[in-house]
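Hi everyone, thanks for coming along. I'd like to walk you through a structure I've been looking at, so let me put it on the screen.

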Amino acid sequence: MSCKLSHLALAVPLGVALSLGWSGSAGAATLTVTDFGDNGSPGQLRALINAAAAGDTIVIPAGTITLAGPAGEDLNAGGDLDILKNLTIQGAGAGVTIIDGGAVDGVFDIPAPAKAVVVITGVTIRNGLSVQAGGGGIRNFGTLKLANSVVSGNLAERQFGGGAFNFGGGIRNLGTLTLTGVTVSGNDARGQGGGLYNEQGAVMTLTDVTVSGNTAERDGAGILNFGTATLTDVTVSDNKADLSGGGILTGGAVVSAASATLTNVTVSGNHANAFGGGIFNSGTATLTNVTVSGNGTSSPASGGGISSAGSTSVKNVLLAGNSSGGADGNCSGTITSLGHNLDSGTTCRLAGAGDLSSTAPNLGPLQDNTGSTFTLALLAGSPAIDAGASDGCPLTDQRGVARPQGASCDIGAYEAGSGGSTPTNPKGAGGGGCGSGGGSPSSLAGALLTLVALWGWKRSLRQRA
Ligand SMILES: [Ca+2]
Ligand SMILES: [Ca+2]
């Protein structure tokens with residue numbers, strides 16, 4: 001996470017460059033927000049979105065914009081910001097450029113039928129409230145690339161004043177969504193998909209993303225995927241679902257075509273009252289070098305780590321310390337081993353080449369081990385070290401450390417140096433800036449993100465009361 005905020009700093013010089021007219025495409029203009037209100041004055045973000053031509057860039061300097069109603073319209077007259085043309089929106093960094101929904105409507109909407117192509121970078125999107133169409137923070141029918149940003153403390157409330165369930169506390173995606181260097185935290189859905197909701201037929205690609213502290217009244221507290229989801233270098237932690245899929249739910253009773261591909265992913269500290277504390281899959285899930293640890297469910301034999309009712313294949317996957325109804329229980333359902341996995345117990349029934357069962361992995365806590373996201377380190381002497389298959393393992397680990405270190409790839413999302421030490425990290429080190437130097441930048445970034453997350457939690461608790 002510390003690196004994530006370091007990446008955010010890149011948005012500032014880029015924004016400056018754009019405001020000087022150093023824009024990529026010929027004829028495209030750069031407009032800069034000069035008024036942080038939302039009452040119709042020129043110079044405000046809403047007015048600039050309306051005034052911009054397709055292909056333009058809007059720069060938002062540091063500051064907080066709180067949106068005003070009315071809610072429930074899609075022509076950018078009020079409430080959520082409706083983007084009906086291709087635009088780039090460039091904040092000065094997630095720590096300093098805040099777009100607050102004012103708890104009257106969502107924050108960004110990319111509606112059908114325009115289905116615009118939109119790039120948003122360097123912002124925090126918070127305090128959105130959806131009461132009908134889903135997506136407390138963002139609803140996307142178009143093609144959205146969101147980078148170096150935070151989506152936090154948004155709510156998808158029950159629809160139409162309390163009846164039907166709603167979807168996507170943070171983001172509801174019905175188009176094509178790419179998240180890079182994004183934190184989705186402390187969002188709540190009174191229904192499905194507390195952090196992210198990916199609709200049937202939609203495509204979602206997450207890289208260097210943290211999904212943490214989200215809640216769902218039903219399924220998929222971190223991520224609910226009914227479409228196609230690709231997660232690389234992602235941490236899904238501390239999300240809580242009242243039904244199934246504490247961290248991730250993919251598939252569903254009527255959407256068996258859903259697919260999820262997880263590579264270098266850490267799933268930790270999530271909880272579901274029904275099935276799949278970490279992951280529930282009833283579609284097709286392909287896991288490579290994933291660590292699933294410390295998740296839980298409330299009843300026995302319900303898959304504290306993974307519950308599979310579909311096709312779930314695992315390779316170099318580490319499953320440890322997940323609880324099911326208070327007892328040890330990493331898996332329920334059928335897990336297909338492609339080899340070289342580790343189960344701290346026996347519930348995954350691993351029978352592939354190189355699989356290890358009843359083997360404690362000796363993991364560290366979820367923390368900043370360098371890289372863009374928190375990870376669970378393999379400590380010295382871990383039997384997961386060099387026990388993975390090098391054939392087909394990713395070129396780096398979740399942090400960006402080259403694989404393999406030592407004789408072979410390790411099992412799980414983290415690649416340890418020889419003897420379990422932390423090897424040099426080309427992705428996060430950035431010339432010594434991120435995580436490798438003094439503690440203060442890392443601590444400051446952590447404190448900021450914690451504050452943002454706490455704020456979201458407090459808000460969702462208040463709304464529940
Ligand atoms: Ca609107
Ligand atoms: Ca290794």
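**Strands side by side**

Let's begin with strand E22, residues 203–212, which pairs with E25 in the parallel sense over nine bridges. If you want to find the place on the screen, look for Val 203, which stands opposite Thr 228 in E25. Before I go on, please keep in mind that this is a predicted model.

Now, E25 has another partner: it pairs with strand E28, residues 259–268, again in the parallel sense and over nine bridges. Here Thr 228 stands opposite Ser 259 in E28.

Let me step back to the whole chain for a moment. The secondary structure comes to five helices and 42 strands. Of the 465 residues, 60% count as buried. As for contacts between residues at least 6 apart in sequence, 72% of them join residues at least 24 apart.

On to the sheets. One is an open sheet of 10 strands with parallel pairing, and its order reads E4-E7-E11-E16-E21-E24-E27-E30-E33-E38. At the edges stand strand E4 (81–82) and strand E38 (331–333); each has a single partner strand, so one side of each is left without a neighbour in the sheet. Strand E27, residues 248–250, and strand E30, residues 279–281, pair in the parallel sense over three bridges, with Ile 248 opposite Ile 279.

There is also an open sheet of nine strands, this one with mixed pairing, in the order E10-E14-E19-E23-E26-E29-E32-E36-E37. Its edges are strand E10 (129–130) and strand E37 (327–328), and since each has a single partner strand, one side of each is left without a neighbour in the sheet. Inside that sheet, strand E19 (residues 188–189) and strand E23 (residues 215–216) run parallel, joined by two bridges. Asp 188 has Thr 215 in E23 as its bridge partner.

Which residues have the most contacts inside the largest nonpolar core? They are Ile 58 and Leu 319, in a core of 102 residues. Leaving aside neighbours within four places in sequence, Leu 319 is in contact with residues including Val 292, Ile 306, Cys 331, Leu 342 and Cys 348. The polar residues Asn 330, Asp 343 and Ser 344 are among its contacts too.

That's my tour; over to you for questions.

Note on methods. Residues are numbered from 1 along each chain as its sequence is written. Chains are lettered from A and ligands numbered from 1 in the order in which they are written. This is a predicted model: local features need pLDDT of at least 70, side-chain atom pairs count only at pLDDT 80 or more; totals for chains, interfaces and linings use all residues. Two strands pair if DSSP finds at least two bridges between them. Helices (H or I, at least four residues) and strands (E, at least two) are DSSP runs, numbered from the N terminus. A residue is buried if 20 or more other C-beta atoms lie within 10 Å of its own, exposed if 12 or fewer, and partly exposed in between; C-beta atoms are placed from the backbone. Two residues are in contact if their C-beta atoms, placed from the backbone, lie within 7 Å. A nonpolar core is a set of buried Ala, Val, Leu, Ile, Met, Phe, Trp, Tyr and Cys residues joined through C-beta atoms within 7 Å.
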